[in-house]
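Below is a briefing on one structure, arranged by topic for a reader who will look at the coordinates alongside the text.

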Amino acid sequence: MKRVLAFLLAIVMLLGGMIMPVFAEKNEYPQKRENFTIRDPYVLVYDGKYYMYGTGLAGRGYGCVVSENLEDWSYPIQVFTPDEDFDGIKDFWAPECHYYNGKFYLFATYYSATTEKRGVGIFVSESPTGPFTQLGDGHITPHNHDCIDGTLYVDGDGQPWMVYVSEWTSNPDEIGEMAIAKLSKNLDGFISEPKIIFRANNHLWTDSRVTDGPFLYRTKNGRLLMIWSNTAKQGGYAVGVAWSDNNEITGKWKHQPLALYRQNMYHELDGGHGMIFETLDGQLMMSIHSPNNQTEEHRTTAVFIPLRDTGNTLVLDENYTPFKNFLHKFVVFFRKVYYGILFRLL
């Protein structure tokens, strides 16, 4: 009997050894999206996976999480860890990872001990998970002004630009601004003077002084759009849409009167600092963090909102969006008709 038990135990141990690696492999993505905190989520789709970067995934420095389905995620991976001499001491915000000319570039905000200002640095790596090293010796953005939320845009001639927030905290009237500047081909500095393209106020949907989270998107009809965030007049953090009148980054930027996303659209919470990507199965998607202010009841985390490109603008995709009543459905229909007519008249 003892020999039989010993034999059975050996079989169990052998099978356990074979099963454990499979279990470990399945447990590669142990975190559910709704169970970890992240702000300013930016999703890079690369080599069949989603790499999400954002504020709060690393203490000092920047981190990312990885997924294959947008719901199950890895634990945070530290992609940039500052050494003792690094000039950034706090406010490690809003990292974005862009694949450009065969390398990965991290555009990220931090507060400089030298300038005592927030600014955007650019970091480079051969891998989306790092390690990243900084280009140049500090902020790319002006050193005498708080600047945040830098993003990359490459125009039709292949010229790279940075679009960034010239923050309200450094302006005498405390009104935030959106700025642009040409970047060198290797992204290590500006090669043009920054230009302000619009300010936070005097738009029909906005009710605040911030110009958060710019992201550029070109529609299937060639219209150049920018999504950005402010507080909606109805309340709460929100995402609006602007368009360039000549479909170039240097054009005059005009603003749609209605927010693309605000509280009680898609779900009941506010949210913003959006970016746009295409899922592995071809669905156009916007990521935001929601809610903007975390509570005991609601964790601030990434929310993915399906969009539709109408050719002229972007709308929430009614095939995926859980509209709760006739009013929501009417709003989507109104936007299609209104913006269709508006852009034909321009």
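## Briefing on the predicted model

In this predicted model, the lining of the largest pocket draws at least two residues from each of strand S2 (39–46), strand S7 (88–100), strand S11 (147–154), strand S15 (212–218) and strand S19 (272–278). The points below begin with that pocket, continue with strand pairing, and end with individual residues and their backbone geometry.

**The largest pocket**

- The space in the largest pocket amounts to about 340 Å³, and of the 17 residues that line it, Tyr42, Leu44, His98, Phe215 and Ile276 are the closest to its centre.
- By residue class, the lining of the largest pocket consists of 15 nonpolar residues, one polar residue and one charged residue.

**An open sheet of four strands**

- Four strands in the order S15-S16-S17-S18 make up an open sheet with antiparallel pairing, in which S15 and strand S18 (253–255) are the edge strands, each pairing on one side only.
- On average, and with direction ignored, neighbouring strands of this sheet are turned by 30 degrees against each other.
- Strand S17 (residues 237–244) and S18 run antiparallel and are joined by three bridges, and serine 244 stands opposite tryptophan 253 in S18.

- S21 and S22 form a hairpin with four residues between them, and glycine 311 in the turn has a positive phi of about 100 degrees.
- Because eight of the nine residues of S21 are buried, this strand is largely enclosed by the rest of the structure.

**A buried glutamate**

- Glutamate 177 belongs to strand S13 (residues 177–182), and it counts as buried because its relative accessible area of 13% is under the 20% cut-off.
- Leaving aside residues up to four places away in sequence, glutamate 177 touches Tyr164, Val165, Ser166, Asn171, Ile196, Phe198, Arg199 and Thr211.

- Most residues other than glycine have a negative phi, and most peptide bonds are trans, so exceptions to either pattern are listed here.
- Alanine 94, which lies in strand S7, has a positive phi near 50 degrees, and this residue counts as buried at 2% relative accessibility.
- Asparagine 101 likewise has a positive phi, of about 50 degrees, but it is placed in the loop between S7 and strand S8 (103–112) and counts as exposed at 64% relative accessibility.
- Glycine 130 and proline 131 are joined by a cis peptide bond with omega of about 5 degrees, and proline 131 is in the loop between strand S9 (118–125) and strand S10 (133–134).

Key: Residues are numbered from 1 along each chain as its sequence is written. This is a predicted model: local features need pLDDT of at least 70, side-chain atom pairs count only at pLDDT 80 or more; totals for chains, interfaces and linings use all residues. Side-chain values use heavy atoms; hydrogens and water are left out. On a 1 Å grid over the protein atoms alone, a cavity is a set of points where a 1.4 Å probe fits but cannot get out, and a pocket is an open set with protein on both sides within 12 Å along at least five of seven lines; lining residues have an atom within 4 Å of a point. Grid points are joined across faces, edges and corners, and a volume is the space filled by probe spheres set on the points. Ala, Val, Leu, Ile, Met, Phe, Trp, Tyr, Cys and Pro count as nonpolar, Asp, Glu, Lys and Arg as charged, and the others, Gly among them, as polar. Two strands pair if DSSP finds at least two bridges between them. Axes are lines fitted to C-alpha atoms, for helices over the stretch in contact, and angles run from 0 to 180 degrees between N-to-C directions. Buried means under 20% relative accessible area, exposed over 50%, partly exposed in between (1.4 Å probe, protein chains only). Contact means heavy atoms within 4.5 Å.
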